Amino acid sequence: MLECTRSDVRDGVGWKCSSCKTRRSVREGSFFAKSQLTLQTWIMLLHFWARQNPVSDTAECAKVALNTAVDVYQWLREVCSTRLINDGPVMLGGNGVVVQIDESLFKHKPKYHRGRRADYEQWVFGMVDTSQTPSLGFMQMVDTRDAATLLPIIRAHTAPGTIIHSDEWAAYRRISQDIPHLQHATVNHSVEFVNPTNGVHTQNIESYWNSVKKKFKLPG
């Protein structure tokens, strides 16, 4: 197939077979096939979504209706969610790689004291792979922060040989014993932010929480 100029399609180009002269749309076989937006507009929407631009700004810059931009953002989130589910558990770490873990309390308050529900709190357990920049993270909402809840999550999402860095929360005390393929080192946050003996800290996961909380709001 060769690229050819076409005046009868909105993208202005298409594919043409040099042998049989059959013509096909450049969108055929892709999720663009049924869309009425130009490919140039799609590229702009994908770019702004990847940069995490506010949807209202994206609609204005791409010159599309706000509802269209909202639908595109929602669809892209669903594509990513489906891929993550189909690919199986997110795996972090590896031989000698440090993964920092922590829990954080997310609080929701209705704006101007309005909303369908009252103030709401949710504990979230998080993990970040510090070998990547920015750190690759994983989060999961949890009802409790005990070992019975957190250790299975750690086991399911860490590769053999991973080094876990954490604070001295009681639920983490048996990581090395209950998950033999992991190493574990801690920092005592009641005394210091960085362990002066081994350099252990949780600053990457703390930065991750700050970044997430700026963008993430619980529904309500």
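## Overall make-up

Buried residues (under 20% relative accessible area with a 1.4 Å probe, protein chains only) make up 33% of the 220 residues in the protein chain. The model is predicted: local features need pLDDT of at least 70, side-chain atom pairs count only at pLDDT 80 or more, and totals for chains, interfaces and linings use all residues. Residues are numbered from 1 along each chain as its sequence is written, and side-chain values use heavy atoms, with hydrogens and water left out.

The protein chain has 6 helices and 8 strands. These are DSSP runs, numbered from the N terminus: H or I of at least four residues for helices, E of at least two for strands. Along the sequence the pattern is β-β-β-α-α-α-β-β-β-α-β-α-β-α. Take the contacts (heavy atoms within 4.5 Å) with a separation of 6 or more: residues 24 or more positions apart account for 45% of them.

## Nonpolar cores

A nonpolar core is a set of buried Ala, Val, Leu, Ile, Met, Phe, Trp, Tyr and Cys residues joined through side-chain atoms within 4.5 Å. The largest one holds 17 residues. Ile101, Phe125, Met127, Ile154, Ile164, Tyr172 and Ile175 touch the most other members. Strands S4 (98-108), S5 (120-129) and S6 (136-142) and helix H4 (147-156) each supply at least two residues of this core. H4 gives the most, with 4 residues.

Beyond its neighbours within four places in sequence, Met127 is in contact with residues including Leu92, Ile101, Phe138, Ile154 and Ile205. A second, separate core has 9 residues, among them Leu45, Ala62, Val64 and Ala69.

## H1 against H2

Helix H1 (residues 39-50) packs on helix H2 (residues 55-62) at an angle of about 155°, with their axes 10 Å apart. Axes are lines fitted to C-alpha atoms over the stretch in contact, and angles run from 0 to 180 degrees between N-to-C directions. The pair is therefore roughly antiparallel, a label for angles over 145 degrees.

Thr41, Met44, Leu45 and Phe48 in H1 meet Thr58, Cys61 and Ala62 in H2. These contact residues divide into 5 nonpolar, 2 polar and no charged.

## H1 against H3

H1 and helix H3 (residues 66-86) pack at about 65°, with axes 11 Å apart. They are therefore roughly perpendicular, the class for 65 to 115 degrees. Trp42, Leu45, Leu46, Phe48 and Trp49 in H1 meet Val72, Tyr73, Trp75, Leu76, Arg77 and Cys80 in H3. This contact has 10 nonpolar residues, no polar and 1 charged.

Terms used: Buried < 20%, exposed > 50% of the residue type's maximum accessible area, 1.4 Å probe, protein only. Parallel < 35°, antiparallel > 145°, perpendicular 65-115°, else oblique. Nonpolar A, V, L, I, M, F, W, Y, C, P; charged D, E, K, R; others polar.
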